[in-house]
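Please look over the model shown here before reading the points that follow. They are meant for someone who has not seen it before.

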Amino acid sequence: MAKIKHNRDAKRQLGQFFTPPLIAKNLLDAWVLRADMRVLEPGFGKGAFLLPLVEAFMRLRNADLAKVLNENIWGVELDKDVYTWTLAEIERRWGKLPDRHNLILGDFLDPAVLAGYENRPGDLLGSGMGFDLIIGNPPFGGTVALALQDELERRYGRRHGCKIKRESYSLFIVKSLELLKDGATLEFICSDTFLTIPTMRGLRNALMEEGATTVRRLPEFSEETKYPMVTMRHVRGKKADEIVVDGARLKVSSIRCTGNLSWQVSDDHSVLFSGGVLAEYIVASSGMTTGKNEYFVRELDDDGYFDEPYDFMFFEDLITLKRELGRARLGKMSTVKQAEIARKEQMGVTRRNVRLLSFDAPKRLRIPHPDYRYYNKAQPGLFYVPPRFVIFWKDDGDAVKTFKKNGSWYLHGVGGAPFFEREGMTWRLVSSRIDMRYLPSGYILDSGAPCAFLRDGVERDELWFILGWCASPQATMLMKSVLNHTMNIQSKDIERLPYPWWVTASDKREAIGMVKCIVEDAQRGLTVQPRELDALFGLYDFNRKRIAQVA
Ligand SMILES: C[S@@+](CC[C@H](N)C(=O)[O-])C[C@H]1O[C@@H](n2cnc3c(N)ncnc32)[C@H](O)[C@@H]1O
């Protein structure tokens, strides 16, 4: 059999992780197929499901391959090499392919592919279309064709009022839902991040709105990927009132208590979310990217000194159409806009830009300095860590902002600007636990360390109370099990943590006092003792008895 060669980038772009035959077989064994069923495997790869399906239908259809591939089985695959391989394998096993069949070389997401198979309720012409079973392993993290992006956004961008992420596997699921007959089943292998990841919130919502879903963890998947995987079985029908995950029945009402619509919330945990969430007290925000930290960000030494290698010079830069096209989103620009820029180019219109000139020898500077601010990059450490970075911020960051304005479209925005220099709390975006720490006022914010700030009118003591709660292992447990069990902790994830309403007023006062002390001590260079931390976190503890007493 010919070997298929692929470089790793192409594999990743296609989300190409093939299902081991035994796993596919186990899933298919649960099905009693009938000779009148229509089954689809979108993105069939090397036929993990497709080949056993052909085998099963060949038994049901008296070995008539033409009938099987015209009336029972549909498949779509984008990669020509694996497509050809799989068709050759069918021929090798069952003889020559019929002239016409439903195995399509193409992009499953392309609206033209399988057009007319959608289940449109109330549409008489469309009734009877759709599939009885859609099964497979959709590409995870695969790229979506540039040319289709706007059309896909229009068709699948929102479902039941929630946003659907423009990503291969969420779009595969949404399109598949539309291709199912009423009462039919979608059975997909997915990454387990699907259960909580906030970007798939809209997809979980759509699945709850459109039928009944059961999820099972796969004990192992394959050597190719170490991601924990699950199987998701969805039966199209009426709105669900529960989701079954590994045998546990999760009430949709409990799921809806969590802002991310978590499919990992137990009834015990859902009660914690029933008394309000941190979003009522704090507003969290990501920071900015400079586009090139080495131009603007400097590391401090222990005495507060740093080296500045550059002088920043502003100049007027000629606008050219070629450059503007290079900066445009997806390299696309309307003809009207292009004509406007071409006119500017002819007239010699300029835009202010910034240039860096190297000093002969770096300047030795010290903080505090009027042209620099502390820069809040992600750092490990609970409660407080001394500042380690500064950013060139003369004239309210004029050089950074000018540099960004002249860069590509995705650099233009300055994330978190309304919160710059405010007092709050901050944590590492990528981390296995919430390393919450105090953020004194005066910092410019980096995107790697999101921050949270008290809402207007909220008493300042809440900052210490919430800081202590977020630093606790209990908060990390809820974050990583219920809210988002990837390595990321986004601003919204922190806002979605429950507010610790179960802590009594006296325990709350004590917690506030302790957190203040811990931060002040840390600012003076003293380290907090483990038993102090235990005592503090004990104040936030929740267990059934305590919750029942307070609730
Ligand atoms: C995760 S693999 C699974 C393959 C096969 N279903 C299995 O279970 O082994 C996803 C497959 O989808 C294909 N694919 C990726 N994007 C696609 C698209 N837009 N349309 C059709 N197939 C696509 C990939 O080439 C790959 O073969």
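1. The model is predicted. Along the principal axes, the C-alpha atoms of the protein fill a box of roughly 85 × 75 × 45 Å. The protein has 20 helices and 21 strands.

2. Of the protein's 551 residues, 37% count as buried. Among contacts with a separation of 6 or more, 75% are between residues 24 or more positions apart.

3. The protein is divided into two parts: domain 1 covers 8-265 and domain 2 covers 293-550. Taken over C-alpha atoms, the centres of domain 1 and domain 2 are 39 Å apart. Their contact takes 11 residues from domain 1 and 11 residues from domain 2. On the side of domain 1 that touches domain 2, there are four nonpolar and seven polar residues, with no charged residues.

4. Helix α3 (residues 50-60) and helix α5 (residues 80-94) have axes that come within 11 Å and cross at roughly 30 degrees. Angles under 35 degrees count as roughly parallel, so α3 is roughly parallel to α5. The crossing in which α3 passes α5 is right-handed.

5. Which residues make the contact between α3 and α5? From α3 they are L50, L51, V54 and M58, and from α5 they are T86, E89, I90 and W94. By class, this contact of α3 with α5 has six nonpolar residues, one polar and one charged.

Technical notes:
Residues numbered from 1 in each chain as written. Predicted model: local features only at pLDDT ≥ 70, side-chain atom pairs only at ≥ 80, totals over all residues. Domains from an automatic or database assignment. Contact = placed C-beta atoms within 7 Å. Nonpolar A, V, L, I, M, F, W, Y, C, P; charged D, E, K, R; others polar. Axes fitted to C-alpha atoms, helices over the stretch in contact; angles between N-to-C directions. Helix = DSSP H or I, 4+ residues; strand = E, 2+ residues; numbered from the N terminus. Parallel < 35°, antiparallel > 145°, perpendicular 65-115°, else oblique. Left-handed = near helix turned anticlockwise from the far one by under 90°. Buried ≥ 20, exposed ≤ 12 C-beta atoms within 10 Å, placed from the backbone.
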